[in-house]
Each structure stands twice: as structure tokens, then as C-alpha cells.
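Q: I am new to this structure. Could you show me how to read it, feature by feature?

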Amino acid sequence: MEMKKRISMELRNRAPEEVTELVLDNCLCVNGEIEGLNDTFKELEFLSMANVELSSLAQLPSLNKLRKLELSDNIIFGGMEVLAEKCPNLPYLNLGGNKIKDLSTVEDLQNLKNLKSLDLFNCEITNLEDYRGSVFELLQQITYLDGFDQEDNEAPDSEEEDDEDGDEDDGDEEEDEAGPPEGYEEEEEEEEEEEDEAGSELREGEEEVGLSYLMKEEIQDEDDDDDYVEEGEEEEEEEEKCLRG
């Protein structure tokens, strides 16, 4: 499939200025040139044109927001100076598997001031003596060459960094969810005070009921005692009458 048709398909009914990522891998360039990509893709941050038989970057549009440019497995051998003009803020560039043979080609990237990571693996230039030292000396703005810095420390994977940021955000959200909402502690204290007041009122009521019950019991006992005394006196009177008779 030609690159121009592929770009139309990748738009998916979107306007070019709405597109931030564009993957055109394995499509066909006509005469080694970029076709169908123009300055209207001004919001583009990621562009991949791997294995498209690209030999020239002359038709690359201005992409000021481009952060990552994948151009691996093409037949590019020069013309790198255009990148500083078209993609001045580019931090990552992959030129692996191209026809880059000497340091003069790489030297054209010196004006790409924001470049931090450059990949040239599987290019003939990697066979030069002290290849890594020479490239780091030429391009002092870069931190990583072929995925490693000058001390052979591996470059962090951008996706892993995004995942870690996402995990931290999730952790913050979980902590926010786990913590009590504002005013919750005050409401809880008020509820506890109300419960204590209700409990003391209930206890006072129970004490009053208990006292009433005891008083009733005492009154009943006194009544029973009075009845018992009256019955005893009547019996004594009857006995006296009998004796008199």
C-alpha cells in the first residue's frame, strides 16, 4: 500500500490536526520520498515510518511537537540536517538499519539540540573503531546511544516510566479513597456524644422505674403487715369473749 493511502486510512475520519500518533510501517514510498504527510499534522508527537523504503527526508513537513521519530530499516544515507529545521524539539530518533556509514552523516545532527536518544544499530557506522566514543564526542547533547549511556547504563523504557507514573497516581487515589472524608471525624464524635446522652437518659429512666418498683413493693409489704396485725387482734378478742362466756 502506498504511503498516501495509508495516511488516509490512519486518519479514521479525524482532521490531521487532531492526530498525535501516526504509524506508517511497511507501506511503500514512491521514489523514496514522503507523500501525503504535510504541515497540517501540527500536533503529531509520534511518527513511525519503519521499513517503507525511505531514502530522503527532504519532504518531511514541519513537526514542532514531534517527540519520537522511528525511521528504522530504510535506505537513508544522508540529508540529516533537515531534521533540525523540521523537528527542532525532537528528543528520540531511531535510524537503525539504514545506510549510514561515516561520522560526517551523524555530524549533521549537531543542530538537533534537544536530541537525547539516538539509535544507529545495524548501520555500517557501528563497525568503526571507537564508534560509541566518537558519536558521543560529536553529539554532546545526547544521553543514550543505541539504548545505553556512556557508562553502559541502559536507557529507561518510556512505557515503563508511564506505567510507574500511572501506578503512583493510582496509589494516591487509593489513599484518598481510603482516608476519611472531611468532617467525618467530627460527625463521628457528635454521633458518639448523642449515643452517650441517649444511654445516660435510658439508664436514668431505668433507675426511676427501679425505684418506683421498690417503693411499690415496700407499700405492699406494709399493707400485708397491717392486715396481719388486724387479723391477730380479732382472734384475741374472740378468745376473750369465749372465756367470759
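A: Let us start with one residue. Lys65 sits in the loop between β2 and β3. Helices (H or I, at least four residues) and strands (E, at least two) are DSSP runs, numbered from the N terminus. This is a predicted model, where local features need pLDDT of at least 70 and side-chain atom pairs count only at pLDDT 80 or more, while totals for chains, interfaces and linings use all residues. Residues are numbered from 1 along each chain as its sequence is written, and side-chain values use heavy atoms, with hydrogens and water left out.

Q: Is Lys65 buried, exposed or partly exposed?
A: Buried means under 20% relative accessible area, exposed means over 50%, and partly exposed lies in between (1.4 Å probe, protein chains only). Lys65 has 41% relative accessibility, so Lys65 counts as partly exposed.

Q: Which residues is Lys65 in contact with, leaving aside neighbours within four places in sequence?
A: Contact means heavy atoms within 4.5 Å. By that rule, Lys65 is in contact with Lys42, Glu43, Leu44 and Glu45. Take Lys42: 23 residues separate Lys65 and Lys42 along the chain, yet their C-alpha atoms are 7.0 Å apart.

Q: How do I read a salt bridge?
A: Side chains of opposite charge can pair when their charged atoms come close. The cut-off is a side-chain nitrogen of Lys or Arg within 4 Å of a carboxyl oxygen of Asp or Glu. Glu43 and Lys65 form such a bridge, at 2.8 Å from N to O. Glu43 lies in the loop between β1 and β2, and Lys65 in the loop between β2 and β3, so the pair ties together parts that are 22 residues apart in sequence. Glu43 is partly exposed, at 25% relative accessibility.

Q: How many salt bridges does the whole structure have?
A: The search finds 3. Arg6 and Glu10 meet in one of them, at 3.3 Å from N to O. Arg12 and Glu10 meet in another, at 3.5 Å. Shared partners join Arg6, Glu10 and Arg12 into one network.

Q: Where do Arg6 and Glu10 lie?
A: An α-helix has 3.6 residues a turn, so residues three or four places apart point the same way. Here, Arg6 and Glu10 both lie in helix α1 (residues 3-11), 4 residues apart, about one turn of the helix.

Q: What about charge without a salt bridge?
A: Lys and Arg count as positive and Asp and Glu as negative; His and the chain ends are not counted. Asp146 is buried yet has no salt bridge. Its nearest side chain of opposite charge is Arg132, 4.6 Å away. Asp146 is found in the loop between β6 (144-145) and α5 (158-178).

Q: Which backbone atoms lie by the side chain of Asp146?
A: A polar contact is a pair of N or O atoms within 3.5 Å; within protein, one must be able to donate a hydrogen and the other to accept it, and residues adjacent in sequence count only if both atoms are side-chain atoms. The backbone nitrogen of Leu120 lies 2.6 Å from a polar atom of the Asp146 side chain. For the backbone nitrogen of Phe121, the distance is 3.2 Å. Asp146 also touches other residues, including Leu118, Thr126 and Tyr131.

Q: What does helix α4 pack against?
A: The buried residues of α4 (residues 131-138) are Tyr131, Ser134, Val135 and Phe136. They pack against α3 (103-107), β5 (117-119) and β6.

Q: How do I read the sheet?
A: Strands of a sheet pair through backbone hydrogen bonds, either parallel or antiparallel. Two strands pair if DSSP finds at least two bridges between them. Here an open sheet of 6 strands has the order β1-β2-β3-β4-β5-β6, with parallel pairing. β1 (21-23) and β6 stand at the edges with a single partner strand each, so one side of each is left without a neighbour in the sheet. Strands β2 (residues 46-48) and β3 (residues 68-70) pair over 3 bridges. Leu47 has Leu69 in β3 as its bridge partner.

Q: How many helices and strands are there in the chain?
A: There are 6 helices and 6 strands. Buried residues make up 29% of the 245 residues.
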